[in-house]
Amino acid sequence: MGFSDDGWSMRMSFTKPLSVLAVPAFADNYLWLIHDGVHAAVVDPGDAAPVFAALDEHKLSLTAILLTHHHADHVGGVPSLLRRFKVPVFGPRTEAIAGVTQALAEGDHATIPELGLTLSVLDVPGHTRGHIAYVAARQGWLFCGDTLFAGGCGRLFEGTPAQMTGSLAKLAALPESTQVYCAHEYTLSNLRFAREIEPDNDALAARIQSEQIKRDRGQPTVPSTIALEKSTNPFLRYSQANIIDRLIAANRLAVREPIAAFAAIREWKNSYR
Ligand code: ZN
Ligand code: FE
């Protein structure tokens with residue numbers, strides 16, 4: 001193989017390691033900056049001001065925008081960002097979002113050459129009909145917007161329980177070490193509800209303690225991992241017998257059927273205070 005044929009691996013070997021930076025926005029959103037110290041891609045910039053501030057602070061130049069779904073708290077900053085940076089905007093094929101230049105669906109890839117980064121796309125309908133998630137397989141990162149949360153999942157604004165369980169199953173099938181970069185800091189209230197569903201789950205009790213410590217120190221609880229979600233998140237554990245028993249005992253479920261159990265948990269959470 002000649003030198004020129006090896007351009008890809010040459011480029012990879014010179015690429016700086018990538019990191020992910022949390023940019024807090026609004027009351028409880030996280031906008032994610034994937035960067036190599038020079039270039040950055042932003043995931044779900046609901047607001048432009050905190051992105052500009054983070055880019056300035058870390059001396060980064062924006063090279064791509066990645067969107068998971070159409071809600072304003074995920075896309076609101078796109079027009080302002082595009083006025084300063086002429087960059088590709090990746091987004092879901094089946095949602096109409098102003099500014100999207102690369103419309104993606106499952107099986108597609110988002111390639112960001114400046115970062116040497118390729119993300120694969122999963123369709124994860126449920127929160128919205130066209131919601132997508134991005135997986136950086138080599139880095140072990142998942143950017144899942146409002147589909148899977150730490151200890152919870154997004155509300156079903158446009159999709160059905162069957163769609164959401166299918167979407168969550170795709171995410172749960174990723175390697176257990178995958179870092180879960182969700183879009184909101186809802187973890188403590190999610191886990192308080194999870195405790196209602198599984199009062200005897202020791203992993204959940206331990207998680208509540210460790211996440212509370214992070215919040216007391218002002219640290220994010222995100223990213224989580226797929227392993228931690230599988231052991232503590234009721235929206236991935238709804239088919240377990242102990243959870244079905246709990247739902248029936250609470251008069252929240254009439255049939256021992258997994259998707260009905262998922263729907264019952266989601267409905268209970270919607271009104272849980
Ligand atoms: Zn949303
Ligand atoms: Fe959101």
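Reply: One term before we start: buried means under 20% relative accessible area, exposed means over 50%, and partly exposed is in between, using a 1.4 Å probe and protein chains only. This is a predicted model, so local features need pLDDT of at least 70 and side-chain atom pairs count only at pLDDT 80 or more, while totals for chains, interfaces and linings use all residues. Residues are numbered from 1 along each chain as its sequence is written, chains are lettered from A and ligands numbered from 1 in the order in which they are written, and side-chain values use heavy atoms, with hydrogens and water left out.

Me: Great. Is His127 buried or exposed?
Reply: His127 is buried, at 4% relative accessibility.

Me: And which residues hold the zinc ion (ligand 1)?
Reply: Its protein donors are His69 (NE2), His71 (ND1), His127 (NE2) and Asp146 (OD), at 2.2 to 2.3 Å from the zinc ion. Donors here are N, O and S atoms within 2.8 Å of the metal (3.2 Å for Na, K and Ca), and sites may look incomplete because water is not among the atoms.

Me: How are those donor residues spaced in sequence?
Reply: The pattern for the zinc ion is H-x1-H-x55-H-x18-D. His71 sits in the loop between strand 4 (61-66) and helix 3 (72-75), and His127 in the loop between strand 8 (117-123) and strand 9 (132-136), so this pair ties together parts that are 56 residues apart in sequence. Helices (H or I, at least four residues) and strands (E, at least two) are DSSP runs, numbered from the N terminus. His71 is buried too, with a relative accessible area of 17%.

Me: What geometry does the zinc site have?
Reply: The zinc site is irregular, with angles of 84 to 171° among its four donor atoms. For comparison, four donors count as tetrahedral if all angles lie between 85 and 135 degrees; four count as square planar and six as octahedral if opposite donors are over 155 degrees apart and all others between 65 and 115; anything else is irregular.

Me: Now the other metal. What coordinates the iron ion (ligand 2)?
Reply: Asp73 (OD), His74 (NE2), Asp146 (OD) and His184 (NE2) coordinate the iron ion, at 2.1 to 2.4 Å. Their spacing in sequence is D-H-x71-D-x37-H. The iron site is irregular as well, with angles of 85 to 165° among its four donor atoms.

Me: Which residue bridges the two ions, and how far apart do they lie?
Reply: Asp146 bridges the iron ion and the zinc ion, which lie 3.2 Å apart.

Me: Changing topic: what about the backbone, where is the cis peptide bond?
Reply: The cis bond joins Val222 and Pro223, with omega about 5°. Pro223 lies in the loop between helix 7 (202-216) and strand 14 (224-225). In general, most peptide bonds are trans, and most residues other than glycine have a negative phi.

Me: Which residues have a positive phi, then?
Reply: Phe26 has a phi of about 50°, and Asp44 has one of about 55°. Phe26 lies in the loop between strand 1 (19-25) and strand 2 (29-35). Asp44 is in the loop between strand 3 (39-43) and helix 2 (49-57), and Asp44 is buried at 3% relative accessibility.

Me: How do helix 5 and helix 11 cross?
Reply: The axes of helix 5 (residues 161-172) and helix 11 (residues 258-270) come within 9 Å and cross at roughly 95°. That makes helix 5 roughly perpendicular to helix 11. Axes are lines fitted to C-alpha atoms, for helices over the stretch in contact, and angles run from 0 to 180 degrees between N-to-C directions. Angles under 35 degrees count as roughly parallel, over 145 as roughly antiparallel, 65 to 115 as roughly perpendicular and the rest as oblique.

Me: Which residues meet there?
Reply: From helix 5, Pro161, Ala162, Met164, Thr165 and Leu168 meet Ile259, Phe262 and Ala263 of helix 11. Contact means heavy atoms within 4.5 Å.

Me: Last one: what does Glu196 touch?
Reply: Glu196 is in contact with Arg246, Trp268 and Tyr272, leaving aside neighbours within four places in sequence. Glu196 belongs to helix 6 (residues 187-197) and is partly exposed at 26% relative accessibility.
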